[in-house]
Each structure stands twice: as structure tokens, then as C-alpha cells.
Number of protein chains: 4
Amino acid sequence: MTIEGKTEARMQKIRLGMVGGGTGAFIGAVHRMAARIDDHFDLVAGALSSTAEKSLASGRELGLDPERCYGSFEEMALKEAGRPDGIEAVSIVTPNHVHYPAAKAFLERGIHVICDKPLTSNLEDAKKLKAVADGSNALFILTHNYTGYPMVRQAREMVAEGLLGMLRVVQVEYAQDWLTEAVEQTGAKQAVWRTDPKQSGVGGATGDIGTHAFNLATFVSGLTLDSLAADLDSFVEGRRVDDNGHVLLRFEGGAKGMLWCSQVAPGNENALKLRVYGTKGGLEWEQENPNYLWFTPFGEQKRLVTRNGAGAGASAARVSRIPGGHPEGYLEAFATIYTEAAAAINAAKGGTAIDPAVTYPTIDDGLRGVAFVEACVASAKDNGAWVKV
Amino acid sequence: MTIEGKTEARMQKIRLGMVGGGTGAFIGAVHRMAARIDDHFDLVAGALSSTAEKSLASGRELGLDPERCYGSFEEMALKEAGRPDGIEAVSIVTPNHVHYPAAKAFLERGIHVICDKPLTSNLEDAKKLKAVADGSNALFILTHNYTGYPMVRQAREMVAEGLLGMLRVVQVEYAQDWLTEAVEQTGAKQAVWRTDPKQSGVGGATGDIGTHAFNLATFVSGLTLDSLAADLDSFVEGRRVDDNGHVLLRFEGGAKGMLWCSQVAPGNENALKLRVYGTKGGLEWEQENPNYLWFTPFGEQKRLVTRNGAGAGASAARVSRIPGGHPEGYLEAFATIYTEAAAAINAAKGGTAIDPAVTYPTIDDGLRGVAFVEACVASAKDNGAWVKV
Amino acid sequence: MTIEGKTEARMQKIRLGMVGGGTGAFIGAVHRMAARIDDHFDLVAGALSSTAEKSLASGRELGLDPERCYGSFEEMALKEAGRPDGIEAVSIVTPNHVHYPAAKAFLERGIHVICDKPLTSNLEDAKKLKAVADGSNALFILTHNYTGYPMVRQAREMVAEGLLGMLRVVQVEYAQDWLTEAVEQTGAKQAVWRTDPKQSGVGGATGDIGTHAFNLATFVSGLTLDSLAADLDSFVEGRRVDDNGHVLLRFEGGAKGMLWCSQVAPGNENALKLRVYGTKGGLEWEQENPNYLWFTPFGEQKRLVTRNGAGAGASAARVSRIPGGHPEGYLEAFATIYTEAAAAINAAKGGTAIDPAVTYPTIDDGLRGVAFVEACVASAKDNGAWVKV
Amino acid sequence: MTIEGKTEARMQKIRLGMVGGGTGAFIGAVHRMAARIDDHFDLVAGALSSTAEKSLASGRELGLDPERCYGSFEEMALKEAGRPDGIEAVSIVTPNHVHYPAAKAFLERGIHVICDKPLTSNLEDAKKLKAVADGSNALFILTHNYTGYPMVRQAREMVAEGLLGMLRVVQVEYAQDWLTEAVEQTGAKQAVWRTDPKQSGVGGATGDIGTHAFNLATFVSGLTLDSLAADLDSFVEGRRVDDNGHVLLRFEGGAKGMLWCSQVAPGNENALKLRVYGTKGGLEWEQENPNYLWFTPFGEQKRLVTRNGAGAGASAARVSRIPGGHPEGYLEAFATIYTEAAAAINAAKGGTAIDPAVTYPTIDDGLRGVAFVEACVASAKDNGAWVKV
């Protein structure tokens with residue numbers, strides 16, 4: 001519950017804009033709910049759709065001032081930067097290929113960016129964006145939202161504290177089934193852009209969910225990937241990107257891993273699962289029941305660590321809102337990323353140091369994610385040869 | 001995701017006040033987050049604490065206009081009713097014994113009331129409040145928040161559609177462990193008032209969580225309680241209210257039930273669990289993993305119904321925000337009660353009929369809950385004799 | 001694995017007969033497999049069916065000497081008692097009403113009896129059988145087989161060692177669904193006798209599975225029942241015995257309990273589940289996944305105790321055969337009862353004391369079981385009044 | 001329950017010998033219990049240990065005729081082949097490197113062989129044994145015991161019937177933790193030989209449990225492995241064989257797979273888990289709770305198929321002994337292999353055809369298993385290059 005006290009109005013609210021997220025978009029609405037839960041943002045402007053007309057219609061639904069509903073992100077960046085009450089931060093929730101130009105437009109004007117993942121649709125853009133971000137005094141926050149789950153923070157803390165000893169094995173997977181058939185050929189919006197290399201990038205499942213799995217694995221383990229070998233498939237006829245990926249991982253220091261991402265595994269909704277094993281113990285966590293973390297100190301009984309339950313540590317408590325046994329979910333984990341963004345932005349505004357406990361995914365995480373995808377694709381093209389990342 | 005589109009600004013926001021919920025209170029913060037998620041309320045006034053000074057301090061934290069931070073609910077009701085921009089609705093989140101006078105004060109001034117459960121601390125107050133509510137043109141919404149879970153709505157729909165046939169057996173339980181020891185004697189705020197009969201009423205566990213279990217059982221089953229027999233205990237020495245209750249239930253029409261509520265069962269956080277069995281099938285649901293519902297048509301395989309998954313119906317979809325596999329939790333279920341309150345209040349404001357799909361707990365549910373608690377206590381005092389409710 | 005070494009031929013094999021268990025019977029075959037697993041018995045005689053002809057046919061299938069296939073238990077008792085190589089022990093696996101006369105016939109001839117539960121079909125017979133057993137120097141073993149599960153032994157040991165502190169609450173249930181419809185009217189053999197009061201006794205579900213639940217609860221908790229209040233139903237039209245029972249329990253010393261038994265709960269196969277809570281901790285165990293026991297020391301994390309896993313004690317290890325993670329099941333638990341019977345019989349034969357670790361259900365357990373059923377029926381007839389047991 | 005009727009003495013019992021399995025051995029005792037459950041074998045001879053003295057001591061414990069306790073398998077093969085009542089079959093339960101010479105000795109004398117897995121400690125021996133078996137009229141049964149689980153049979157049947165459509169993805173893993181530390185250096189017998197390449201072969205975890213996982217995956221899926229790429233580790237210092245293996249699989253026809261085997265994953269006892277996904281559905285099964293199988297037809301709800309429960313098919317029913325809800329475990333699955341061996345041996349004896357429903361692992365399965373291990377090792381040595389199998 002610690003976060004709750006802090007979130008309620010001790011911080012000044014941040015004026016927020018949004019790129020993408022018009023009527024019918026899934027992730028835009030998620031971002032807005034996430035931003036509201038802890039109440040640190042006011043949504044005041046938007047380039048919500050690809051045309052001025054649709055953007056205005058979507059903005060009206062959200063109660064935005066029509067004047068601040070823009071037909072393009074370029075226009076929004078320009079005009080908002082010129083207003084005394086202009087947005088301080090922007091959420092970018094478009095298909096992947098727009099991330100780079102949009103983020104660039106705002107970062108260059110000193111507007112903080114909260115951007116959906118993956119960072120960009122290709123590594124070249126990712127590197128350019130990294131350069132832009134490094135040259136800007138605005139912050140860049142990447143919404144690898146699963147890192148916001150309290151028990152993910154708990155797992156990371158336990159690894160960092162050495163409770164698992166030296167890590168040996170990481171097993172991570174993200175399985176879905178919604179692309180088991182060729183739904184993109186029926187025009188389903190979410191499927192169409194995710195299976196179009198121009199919009200999503202060269203990775204399909206690898207980019208859409210493999211990056212989440214990869215990010216989660218490194219976030220919790222603290223390990224750095226050295227190289228990978230991948231076997232990617234597009235099982236559905238006519239699909240232009242991978243829909244199933246099998247990846248072997250080698251980390252610096254000798255730990256090994258396996259990563260499976262699939263969008264063609266019937267019976268899986270969002271089955272993101274992480275298991276980490278070291279010389280002293282093992283951890284297991286599943287996104288679909290996220291308030292539980294299983295911990296086995298080697299030679300002892302398996303233990304259930306619950307959010308705000310016995311033995312849960314400070315990292316998890318910081319980002320929990322309600323007592324144990326009352327489940328927090330996906331939106332709350334997402335809200336934590338927004339709240340940490342707010343804390344960092346407010347610190348930046350105030351010229352003070354960011355609380356070192358604040359832990360949001362950065363542009364470097366994003367860059368690593370895109371590099372991961374491209375390495376997977378490169379390895380797969382080279383018959384699964386090991387590729388340095 | 002249906003609700004999401006609707007919630008975002010198609011409805012006009014409702015000006016909200018709050019009684020109770022000052023700094024450090026648990027449930028007040030929950031109400032505020034719940035009200036924010038779907039964005040239908042603006043919190044603009046509060047009588048947040050029992051003194052003007054504390055209320056002001058808490059209000060400042062929340063960014064309230066100091067002028068609208070009141071020292072008592074009476075003052076708030078009086079002054080807000082007199083303002084052209086006064087509150088349209090109020091959330092009452094105090095200990096139980098304050099529910100009646102506070103709700104009365106607002107209902108009598110035509111201000112809609114959203115009130116925490118149980119309705120009141122005794123049946124006499126409950127009946128008086130019912131009379132007040134019936135005589136008011138303001139609405140009364142009781143936050144039996146568990147009824148807001150999508151899979152609870154799904155279960156209710158499946159029972160109503162006859163998928164279970166004629167109901168025979170209802171098993172419901174709500175187990176916790178936080179009162180296993182005499183924490184109220186250490187001054188822990190949440191424990192102190194809950195174990196004080198003057199503040200909580202004659203029921204301890206029965207009132208605090210037994211009412212939730214009872215409400216959930218009747219909400220899903222659609223059954224009406226005929227009579228009950230109860231064996232209540234105060235296992236912890238010195239405790240003045242029950243901390244464990246065993247209750248047998250007889251429903252009109254012949255179905256039978258068992259209800260267990262306990263706050264002294266180590267290993268249970270908020271283990272609210274409902275199982276319903278009929279001539280044609282059975283259902284099982286657990287609050288701690290709320291996105292899953294188990295359904296067995298008799299003679300067939302057990303099936304997992306998931307929120308927004310295959311075969312989930314309209315009732316669940318209406319109150320879901322995000323795709324299946326991304327867990328929604330306690331706050332989202334609570335938010336649904338607020339959103340349904342908003343829908344009803346807006347309909348009332350506009351003079352239109354409330355959408356029949358809107359399903360929030362009413363004053364009648366509250367009255368039944370208090371009657372349940374008093375019947376439990378009466379039965380227990382009479383050595384578990386059957387008591388008509 | 002401890003038991004394994006012991007079981008393999010260090011003990012002399014015991015010559016065994018069987019009453020009931022002819023072709024097509026379920027429980028007779030279970031007894032035979034159970035007797036074989038640890039290899040302490042040789043089945044050499046049988047009165048397997050109600051006619052000499054059928055008994056012979058069944059005996060031939062089992063490879064019995066035709067001369068030792070009898071048409072009645074009376075004949076078998078008489079003739080086997082007269083043979084120098086006659087049976088030393090007999091398994092009685094008939095419908096309930098035959099238990100008393102059959103057990104009496106063998107006990108009176110000094111032949112050890114291994115008898116299925118419930119002890120008898122009524123309390124009068126149970127008391128008479130108790131007198132017979134007390135007057136015989138032959139042993140009486142009741143196959144409340146669930147007490148043979150290693151993790152049930154583990155649970156009992158943990159309670160006895162005080163790891164739960166003083167017990168407060170016992171929750172036990174045994175739910176099935178196979179009598180949801182009137183299968184006895186279709187002639188299904190297992191259903192016919194179980195729903196015939198003349199064969200099964202006054203209790204239906206209470207006698208068939210409620211006694212198992214009750215036995216398990218007292219076996220693990222070590223508590224003695226003081227009184228109970230019951231609400232029994234025969235939900236299926238035309239059924240002559242209860243098919244659903246709701247029972248409140250009061251134990252000596254102040255602990256309380258609830259017991260639910262049902263054969264009309266769709267989705268339940270053999271859902272026997274026990275939960276025990278005390279001042280210091282809680283335990284949970286489920287028969288359908290019997291190698292796991294959940295233990296929560298109050299204020300600490302929930303722990304998974306596994307058969308032969310970390311922290312499992314001597315009581316469980318004694319009756320485990322294979323390493324943890326390789327599940328033992330129902331037949332192995334049943335085999336443990338047989339092996340403990342063999343240990344006791346061999347001690348009796350050798351004139352040595354029975355190893356105090358040997359823990360099999362006795363005639364007293366059986367008497368308590370039948371008393372439990374009759375008390376349930378008496379309470380239910382008296383509108384759920386509390387009945388002393 | 002079908003098997004039960006058949007097993008009880010309709011078949012003539014088979015005279016069995018055993019090589020290995022002396023006092024203190026784990027798997028020998030398992031084989032003996034497995035052979036007893038369905039009662040088709042009489043153990044009458046043994047070369048139970050590596051010296052005549054120990055073998056005799058072990059044989060006495062098991063009640064064997066001292067004359068038939070041999071000091072070596074060669075002696076047993078020779079003498080038993082010369083007896084009119086000599087063994088008809090032999091169980092070989094030694095460390096891996098003895099499998100080949102022992103099996104050869106018996107097969108060449110027309111004695112049926114039931115042999116533990118893996119087939120041999122190296123591929124050369126495996127091929128030679130295959131030639132011997134092909135040239136013998138005795139049968140060779142390999143105890144890949146996990147294939148005896150009813151729900152594994154069920155899964156195989158469902159795949160074969162096309163319920164999953166065309167297979168795309170196979171995920172299989174077998175994780176343990178007992179070699180997390182260097183227990184072989186403490187002299188622990190089970191660990192010593194399993195980590196000694198001379199006794200176990202070139203594979204450690206791959207040979208010991210990876211072969212089980214591989215066999216299970218192909219048994220259920222019906223797929224044929226085309227090639228693999230492996231990354232093997234010996235994480236524990238000083239260990240001479242792999243203790244963790246990550247393997248990518250490519251099957252003929254285009255399906256892909258991942259296989260993980262580990263003996264250094266704290267919190268895992270015998271966590272063998274299989275998941276198979278096709279164009280029409282998915283299946284999931286776990287060895288530690290083996291009576292359950294999860295099946296999701298694409299676009300429908302996940303379903304729980306239970307042993308002898310609704311919708312379970314003939315393949316599972318054939319090898320089930322007791323009603324659903326009463327768990328059968330590891331020993332019963334093992335017993336099924338023995339019972340199928342008995343059926344095949346009796347058919348061979350009688351000159352009749354083997355029931356086509358009989359499904360035991362053969363020498364070809366064994367050969368494939370050893371080839372799998374050697375391919376893993378070869379790939380790992382070649383930096384994870386793809387290796388044809």
C-alpha cells in the first residue's frame with residue numbers, strides 16, 4: 001500500500017498527450033486506465049488517429065479540448081511545445097513503425113516520452129532513437145508493463161539479494177493462441193498490423209511477445225545476454241512473420257536459457273511464465289496468476305510468496321496498492337510503470353535525484369529488445385547458428 | 001472491453017464527496033482508485049476524518065479545495081446541498097456504525113449514496129435506512145464489490161440461463177487469518193474497530209466477511225434464504241465478536257447450503273470461494289484467482305471459463321476491460337460497482353430508465369446482509385437452533 | 001522407501017481368504033491389488049459371491065483351488081478353521097449389512113479380519129461386533145484406506161507434534177457426483193446396494209463417504225467428537241437414503257468443524273479434502289493429489305510438503321515406497337493398511353508387541369464411524385438438533 | 001478397470017528372473033512391485049548383485065530359492081535356460097552399461113527381456129543389441145514406464161484421432177533438483193553411477209531423464225525426429241556428464257519442439273511435463289499429477305480429461321484399474337508395462353497374435369533414445385550445430 005499514499009496528490013499532476021489510441025484501439029485504453037489508477041497524469045491532448053477527423057472524434061469521446069485533438073503527431077509536438085500549458089509528457093501507443101518518428105518529435109522538444117514496446121520496428125531506428133534520447137533532456141520510459149507486477153519486483157529483489165545463489169538456468173515462455181488461424185486475412189485490426197513486417201518489424205511473435213519474455217527474464221535475473229540460437233516458424237500459411245519461436249540463450253557468466261514464444265498454441269491466452277534456477281534455489285512466476293511467486297531454497301520446501309504476504313520484501317510492497325489476497329492485475333502493473341514515470345518526471349522537473357527504488361524500463365532495455373528480435377531472425381535465417389547480441 | 005468504450009467520457013462525470021477514508025485508511029483509498037479507473041467521477045469534497053483538522057490534512061493530500069474539506073458529514077451534507085456545484089453523490093467508507101446516520105443525511109438531501117458494506121451495524125438501523133432510501137429519490141448503492149468480478153457475473157448468468165438445472169447445494173466460504181492472534185490489543189486500527197461491537201455491530205467475522213460470502217452466494221444462485229443455523233466462536237481470548245462462524249443454510253425451494261467465515265484460519269488471505277451445484281451441473285469460483293470459473297455440465301468434462309475467453313457470455317464481457325489472459329483484479333471489480341453506479345445516477349439525472357443489464361447491490365441486499373448477521377448471532381445464542389430470516 | 005525393504009519377504013506371508021469381491025466387484029479387486037503390492041499375503045480361499053457356482057467361477061479366474069471356493073462365508077469359516085493350512089486372515093468386502101455376521105464368524109474362530117468400511121450397517125451390529133472383537137484374540141482391521149496416504153500420516157504427525165498449536169477449526173468434505181441422477185433405478189450394481197437402506201444402513205452419502213471424511217478428520221486432528229448437528233437431504237427423487245449431508249461438529253476441548261458429504265455435486269469425482277487450523281498454523285490436503293500437503297505456520301509463507309520431500313517426517317517415510325515426485329496413489333495407500341495389518345498379524349503370531357508406529361484403523365474407529373452416521377440421521381430427523389455422539 | 005479383470009489369472013503366470021535390484025537398489029524394488037500389482041509374474045530367480053554372496057543375501061530377503069540366486073547374469077542365463085522350470089523372462093535393472101551384455105545373454109537363449117532404460121550406454125551397443133533382438137524369437141520390452149500412464153495413452157489416442165489437427169509444436173521437459181550439488185562426491189550410490197560415463201554412458205541428464213522426455217514426446221505425438229541442436233552443461237564443478245540440457249527439435253513433416261532436461265533445478269522433483277499443439281487444439285500433461293490431462297480444442301474452453309472420467313477413451317480405460325478420482329500413480333503406470341509384456345509373452349507362448357492394443361516400448365524406441373543422447377552430445381560438442389538423428 002506504500003505507493004498509494006504517495007500517489008494521491010503529493011506529486012503535482014503531469015499534463016499528458018497521447019499518440020495513437022483512438023476509438024477501438026486496445027492498448028491506448030489500457031494506457032489511459034493505467035495512467036488514471038494512481039492519478040498522476042491529466043490527459044489533455046491527443047493525435048489519436050491517423051486523420052484529423054477521426055482524431056477529433058476520438059478526442060471528444062475522451063473529453064479532450066477539440067483544439068488539442070491533432071491530425072498528426074508532428075502537429076501535436078509542434079503546437080503543444082508552443083503552449084504555456086502544453087503537454088509535459090506523451091504516450092506513444094501506435095503500431096511499432098511509428099514509435100521512432102513520434103518519439104523523436106517529442107524528445108527533441110523536451111517532452112518526456114512513455115512508449116509502448118517494442119522500441120521500434122527495426123534495429124536501425126532503435127539505435128537512432130537511442131541517440132536522440134541520449135541527446136535530449138527529456139526522459140524515455142518503455143512500457144514493458146510486466147515488470148510492474150509486484151511479484152516480479154519481488155523475484156528481482158530475491159535474485160539480487162543472492163537467495164538463488166549463482167544463476168544457472170532461465171526458462172521463459174510466452175504462449176498465446178489467438179493467431180492459430182489466419183485471422184489477419186479476415187481484417188482483424190490487431191492481427192493485421194502485428195503480422196505486417198512494415199508495421200511490426202521483422203519479428204512477429206518474437207517482436208510482439210518474445211521481447212516481453214526476454215525483457216522479463218533479464219529484468220528478474222539481472223543477466224546479460226551474450227548470444228542466442230533461434231528456430232523460427234510461420235506455421236500459418238501465408239503469414240509473413242514468425243508465429244512461433246524457439247530460442248536458446250547463453251548469458252554472460254555462463255548461465256543458460258530457453259525462450260519460447262508462440263501465438264499458435266491452443267489453450268494459452270497470455271501464458272507468460274518465468275523460471276529461474278541457481279545454485280541455492282529456484283523461482284517460478286506466471287503472469288496469469290501474478291500475485292503468487294514460488295520459491296524453493298534448495299533442500300527445503302517450496303514456499304508461496306504472495307503480494308503483501310509474509311516474507312514479501314520492500315520492492316514488492318512499494319508497488320502494491322491493496323492487502324494480500326486481493327488480487328492486483330495487469331492494469332495495476334501497468335499503472336506502476338506510469339507512477340514510476342511520474343516520479344521520475346517530477347524529479348526531473350524539480351531538479352532532484354530520482355528515487356533509486358524507481359525501476360522503469362529504459363531506452364536501453366528497448367534497444368536490447370530490438371537487438372534480440374533481429375538476432376533471432378538472423379540466427380533463424382542462418383539455420384540456427386549462434387549469434388552474438 | 002465493452003465497458004471501456006462507454007466509460008471514457010460518453011457519460012458526464014459525477015461530482016463526488018467522501019465520508020471517511022482519511023490518511024491511512026485502507027478502504028477509502030480503494031474506493032478512490034475504483035472511482036478513477038473508468039473515469040466517471042470527480043472527487044471534489046470530503047469529510048475524511050473525525051476532526052476538521054485531520055479532514056483538512058487528508059483533503060489537501062488529495063488535492064481537494066480546502067473549503068470543501070469538512071469536519072463532519074452533517075456539515076458536508078448541509079453545505080454541499082447548498083452549493084450550485086455541490087456533490088451529486090457521496091461515498092461512505094467509515095466504520096459500520098456511521099453508515100446509517102451518514103447515509104440518511106445525504107439521502108434526505110437528494111444526494112446519491114455509495115456505501116460500504118455491511119449496510120449498518122444493526123438491523124434496526126438497517127430498517128430505518130431502508131425506509132429513508134425508499135422515501136428518497138436519490139439512489140443507494142452498496143459496494144459488495146465481489147459482485148463486480150466478471151466471472152461472478154458469468155456464473156450468475158449461467159445459473160439464470162438454467163445451465164446448472166435446479167439448484168441443490170451451495171457451498172460458500174470466506175477464510176482469512178489476520179485475526180489469528182489478538183492484534184486488536186496491539187492497537188492495529190483495522191482490527192480495533194472491526195472487533196468492537198459498538199462500531200462493527202454484533203457480528204465479527206460474520207459481519208465483516210460472512211456478509212460478503214452470503215451476498216455472493218445469493219447473487220450468483222438467485223436463491224432466497226429461508227432460515228439458518230449457526231455455530232459462532234470467538235476463539236481468541238478476550239475478543240468480543242465472533243472470529244469464526246459455521247452456518248447451515250436452507251433456501252426457499254429446497255436448496256441447502258453451508259457457509260464458513262473465519263478470520264483465524266492460518267494460510268488464508270482472502271479465500272472467498274463459491275461452489276454451486278444443481279441437477280445439471282456445477283460451478284466453482286475463487287476470489288484469489290478471479291479470472292477463472294470452473295464449469296462442469298453433469299456427465300461431461302470440467303471446463304475452464306475465462307474472462308473474455310471462449311464461451312464467456314455477455315454479462316461478463318460487459319464488465320471486462322482487457323483481453324482474456326491479462327488478469328483483472330479486485331480494484332477492477334470494485335470499479336465496476338462505481339461504473340454501474342454512474343450509469344444509474346446518470347440515467348436518474350437524465351430521467352431515463354436504467355439499463356437493465358446494470359447490476360449493483362442495493363439497499364435490499366444490504367438489509368438482507370444485516371438480517372443474515374443478526375440471525376447468525378441469534379441462532380448461535382440459541383445453541384444453533386434454526387432461525388427464519 | 002523404508003517400508004519397501006521390510007515388505008519384501010522379511011515377514012512370512014499370511015494366508016488370506018476373501019468374502020465378497022467376485023467378478024465385477026470394484027472393491028474386492030482393489031483389496032487384492034493392495035494385498036499384492038507389498039507382498040505379505042497369499043490369497044488362498046474365497047467366498048467370493050452369493051452362490052457356490054458364482055463363487056467358484058470367480059475363484060477360478062483368480063487361480064484359487066476350487067476346493068477352497070465356498071458358497072458362503074459360514075462354510076468358509078468352518079472349513080478353513082479346520083484345515084492345517086487354513087486361512088490366517090480374511091478380507092470382508094461385501095455390502096455393509098454382511099460385515100457383522102461375516103466378521104463374527106471369523107473372529108470367533110481366531111481368524112484375523114480385514115474389513116471394509118463402514119463397520120456395519122447399524123449401530124446395534126457395530127456394538128455387538130465390538131464385543132465379539134474384544135472377546136477374540138484375532139485382530140480386527142478396518143480399511144479406512146485414506147489413512148494410509150503418506151501425507152495423511154505426515155499431517156497427523158505434524159498436529160501431534162504441536163506444529164499447529166491448539167486446534168480450533170476442522171473443515172472436511174467428500175464430494176462426488178456419480179449419484180446426481182437416479183442411476184440406482186437403472187440397476188447399476190454399485191448404486192443399487194449403496195442406496196438400499198437394508199444393505200447400506202440408514203446413511204447414504206453419510207455412511208458411504210461421510211464416514212471416510214469423519215475418520216480422516218479425527219485421524220489427523222486427534223480430536224474426539226462431542227456432538228453434531230446435521231441437515232441431510234435425498235435430492236434425487238425416490239432415493240431412500242441421503243445423498244447430501246451438511247454437518248456441524250463440536251469436538252471435546254472446544255474445536256469446531258464442518259463436514260460436507262455429497263454424491264450429487266457435478267464436477268467432483270472423489271473430492272475428499274481436509275483442512276485443519278490451529279493457533280499456530282494450518283494444514284490442507286486433497287485426496288485427488290495426495291502426494292502434496294500444504295502447511296502454513298501462522299505469519300509465515302505457505303509451504304508445500306511432499307512425500308519423501310524436504311521436511312517430510314518419519315511417519316510419512318515409513319509408508320512411502322518410491323522417491324518424491326513419483327506419485328503414489330490410492331492403491332498404495334490401501335496397500336499400507338494391508339502391510340500394517342500384516343505387521344500386526346505377524347507380531348500377534350510371533351507373540352511380540354506390535355511396532356507402535358503401526359497405525360491402522362481399528363474396531364473402535366469403526367464403531368465411532370457408525371455412531372457418527374446414526375447421530376447424523378438422528379439430528380436430521382430432529383430438525384438439526386445437536387446430538388451427543 | 002478393464003485391465004483388472006484380465007490381469008487376474010486369466011493369463012498363466014510367467015516365471016521371471018531379475019538381473020540387478022539387490023538390497024538398497026531403488027529401481028529393482030519398483031520393478032518387483034510393478035510386476036506384482038497385476039499378478040502376471042512369479043519372481044523365481046535372480047542375479048541381484050555383483051557378487052554371489054550379496055546376490056544370495058538379497059535373494060533370501062525376497063524368498064527366492066537359494067539355488068536360483070546367481071553370482072552373475074551369465075551364470076543365471078546358462079543355468080536357467082537349462083532348467084525345465086527355468087525363467088521365461090528376465091528383468092534387467094542394472095546400471096546402463098550392463099544392459100547390453102545381459103540382454104544379449106538372455107535373448108540368445110530365447111528368454112524374453114524386460115529392460116530398464118536407456119537401452120544401453122552407447123549407440124554401438126544399442127545397434128548390436130538391436131541386431132541380437134531382431135535375431136531372437138524372444139521379445140524385448142523397454143520400461144519407458146511413463147508411457148504406461150492412462151492419460152498418456154489418452155493423449156496419444158487423441159493425437160492419433162486427429163483432435164489436435166496437424167501438429168506444430170511439442171514442448172517437453174523433465175526437471176529434477178537432486179544433483180544441484182555434487183552428491184556423487186559423497187558416495188551416494190544412485191548419483192555415483194549416474195554421473196560416471198562408464199556406467200551411464202556419455203549422457204548424464206540427457207540419458208537419465210532426457211530419454212524419458214524424448215520418448216514421451218514421440219510416443220504421444222507420433223512424430224519422428226529429424227534433427228536436433230543441443231546446448232549441454234555440467235554446471236556442478238567436477239561433474240563428468242551433463243546435468244542440464246537445452247535441445248531444439250525438428251520433426252519430420254515440419255513440427256518443431258523444445259526439450260529441457262535438468263537435474264539442477266531447485267524445486268523440481270520429477271517434473272516431467274508434455275505439451276503438444278496442433279492446428280486444432282492443444283494438450284498438456286504433468287507426471288506429478290498424472291490422472292489429469294488438459295485439452296483445449298482451438299476456440300473452445302479448456303477441458304479437464306480425467307482417468308476414467310467423462311470423455312476418456314478406450315486406450316486409457318484399458319490400462320486403468322480403479323474409478324476416476326482415485327489417483328493411480330507411478331507404480332501402476334509401471335505395472336501396465338509389465339502387464340503388456342505379459343500379454344505379449346503369453347501371445348508369443350501361445351503362438352497367437354499380440355492384441356494390437358498392447359503398446360509397450362520396444363528395442364526400436366530404445367535405439368532411438370540412445371541415438372537421441374548421442375546426437376545431443378555431438379551437437380553440443382559442435383557448438384549446437386544441427387545434427388541429423
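Modeller: Strand E7 (residues 225-233) of chain B is joined by 8 bridges to strand E8 (residues 244-251) of chain B, and the two run antiparallel. Helices (H or I, at least four residues) and strands (E, at least two) are DSSP runs, numbered from the N terminus, and two strands pair if DSSP finds at least two bridges between them. This is a predicted model, in which local features need pLDDT of at least 70 and side-chain atom pairs count only at pLDDT 80 or more, while totals for chains, interfaces and linings use all residues. Residues are numbered from 1 along each chain as its sequence is written, and chains are lettered from A and ligands numbered from 1 in the order in which they are written.

Within this pairing, B:Ser227 has B:Arg250 as its bridge partner in E8(B). E7(B) is also joined, by 2 bridges, to strand E14 (residues 387-388) of chain B, again running antiparallel, and there the bridge partner of B:Ser227 is B:Lys388. Because 7 of the 9 residues of E7(B) are buried, the strand is largely enclosed by the rest of the structure; a residue is buried if 20 or more other C-beta atoms lie within 10 Å of its own, exposed if 12 or fewer, and partly exposed in between, with C-beta atoms placed from the backbone.

Chain B also holds an open sheet of 5 strands with parallel pairing, in the order E2-E1-E3-E4-E5. Strand E2 (41-47) and strand E5 (140-142) of chain B stand at the edges with a single partner strand each, so one side of each is left without a neighbour in the sheet. Neighbouring strands of this sheet are turned by 25° against each other on average, direction ignored; axes are lines fitted to C-alpha atoms, for helices over the stretch in contact, and angles run from 0 to 180 degrees between N-to-C directions. Strand E1 (residues 14-19) and strand E3 (residues 89-92) of chain B pair in the parallel sense over 4 bridges, with B:Met18 opposite B:Ser91 in E3(B). Helix H4 (residues 73-82) of chain B lies across E1 and E2 of chain B and runs at about 130° to E2(B).

Turning to helix packing, helix H5 (residues 99-107) and helix H6 (residues 123-135) of chain B pack at an angle of about 10°, with their axes 10 Å apart. That makes H5(B) roughly parallel to H6(B), since angles under 35 degrees count as roughly parallel, over 145 as roughly antiparallel, 65 to 115 as roughly perpendicular and the rest as oblique. Here B:Tyr100, B:Ala103, B:Lys104 and B:Leu107 in H5(B) meet residues of H6(B), among them B:Leu129 and B:Val132; two residues are in contact if their C-beta atoms, placed from the backbone, lie within 7 Å.
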